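Subject: Structure handover

Hi,

Here is the structure for you to look over. My notes follow below it.

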Amino acid sequence: MSERATARRVVGALRLLAALVGVLALVARFQYGLGFSVFIASNFFGYLTVQSNIAAIALGIVSGAIALRRSRDPVWMPVARVAILSWMLVAGLVFALLASQAATRGYRLDVPFSDQLLHFVLPAWLLIDWLLSPGERRTDPRVLLIVVGYPLGWGLVTLVRGAIVGWYPYFFLDPDQVSGTVELLAYGAAALGLFALVGAVVRVLPRIPLDRMPALSRPTARARRRDERAPRAPR
């Protein structure tokens, strides 16, 4: 089996493992929420983090299975990877910002282990996967329309739903917690700009081939012994 095929199998197995961790983290976070009297299941799925993690889990299962069974990725996979990785990274950045601002805003924001997995560990894994794993990475710049378009649609739906049910997943979407329409639009524009920026950076990040890393490109002891036993051409 070639080194490339072996690498794809390893990556495929790791993607499936990460998807399993994501499922367990979502279940644990849901169960954690059940401990609060104000918890509503439908609101849990209204968070962009939860939705992007569900997308990441689905991608992990599909891309993992493909890596195990096929030698090449389908043409849609780099687009999906760029979009979902961008959503996950921004969700993690925004969550870290909200956590740091919780005290100044007068609200409590707990960070259980499940949240740490969903907001930090799994996005970090997706980034490592993007940087190191073999496979097609070329994407058209129009992928940024997907990177920005989904959060834009999510935000509009959230505003409409929030006006009906009286709940918003983040303070900057709640008209009662911002100074007015101008501040609401400013937060929205900043968020969409962050998605576009992160997506643009993710698109152009160079891949780091594992077989070119110094620690991995050195010949193994078995390979050195094989080379030493090989007959040498007469001088």
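**Helix α1 and its partner**

α1 has 31 residues and spans 45 Å from its first C-alpha to its last, close to the 45 Å expected at 1.5 Å a residue. Bear in mind that this is a predicted model. The helix runs over residues 3-33. Its buried residues are Arg8, Val11, Gly12, Arg15, Ala18, Ala19, Gly22, Ala25, Leu26 and Gly33.

α1 packs against α5 at an angle of about 165°, and the two axes are 9 Å apart. An angle over 145 degrees counts as roughly antiparallel, so that is how α1 and α5 are arranged. The crossing of α1 past α5 is left-handed. On the α1 side, the contact is made by Val11, Leu14, Arg15, Ala18, Val21, Gly22, Ala25, Leu26, Ala28 and Arg29. On the α5 side, Ser114, Asp115, Leu117, Leu118, Leu122, Trp125 and Asp129 take part.

Is Ser114 buried or exposed? Its relative accessibility is 7%. The cut-off for buried is under 20%, so Ser114 counts as buried. Setting aside neighbours within four places in sequence, Ser114 is in contact with Ala25, Ala28 and Arg29.

**The whole chain**

The chain holds 9 helices and 0 strands. Along the sequence the pattern reads α-α-α-α-α-α-α-α-α. Of its 235 residues, 36% count as buried. Now the contacts with a separation of 6 or more: 78% of them come from residues 24 or more positions apart.

**The core**

How many residues does the largest nonpolar core have? It has 34, and Ile84 and Tyr170 are the ones with the most contacts inside it. α1, α3 (48-69), α4 (77-105), α5 (113-132), α6 and α7 each supply at least two residues of this core. α4 gives the most, with 9 residues.

Not counting residues up to four places away in sequence, Ile84 touches Ser52, Ala55, Ala56, Leu59 and Leu126.

Val178 lies in the loop between α6 (143-165) and α7 (181-204). Its relative accessibility is 9%. That is why Val178 counts as buried. With neighbours within four places in sequence left aside, Val178 is in contact with Phe171, Phe172, Glu183, Leu184 and Tyr187.

Pro206 is in the loop between α7 and α8 (214-217). Which way does the accessibility call go for Pro206, buried or exposed? The value is 55%. The cut-off for exposed is over 50%, so Pro206 counts as exposed. Pro206 and Trp130 are 76 residues apart in sequence, yet 9.1 Å apart in space, C-alpha to C-alpha. Leaving aside neighbours within four places in sequence, Pro206 is in contact with Leu131 and Arg137.

**Where to start**

Begin with the α1 and α5 pair, with its left-handed crossing. Then go to the core around Ile84 and Tyr170.

Best wishes

How values were computed:
Residues numbered from 1 in each chain as written. Predicted model: local features only at pLDDT ≥ 70, side-chain atom pairs only at ≥ 80, totals over all residues. Heavy atoms only, no water. Helix = DSSP H or I, 4+ residues; strand = E, 2+ residues; numbered from the N terminus. Buried < 20%, exposed > 50% of the residue type's maximum accessible area, 1.4 Å probe, protein only. Contact = heavy atoms within 4.5 Å. Core = buried A, V, L, I, M, F, W, Y, C linked by side-chain atoms within 4.5 Å. Expected span 1.5 Å × (residues − 1). Axes fitted to C-alpha atoms, helices over the stretch in contact; angles between N-to-C directions. Parallel < 35°, antiparallel > 145°, perpendicular 65-115°, else oblique. Left-handed = near helix turned anticlockwise from the far one by under 90°.
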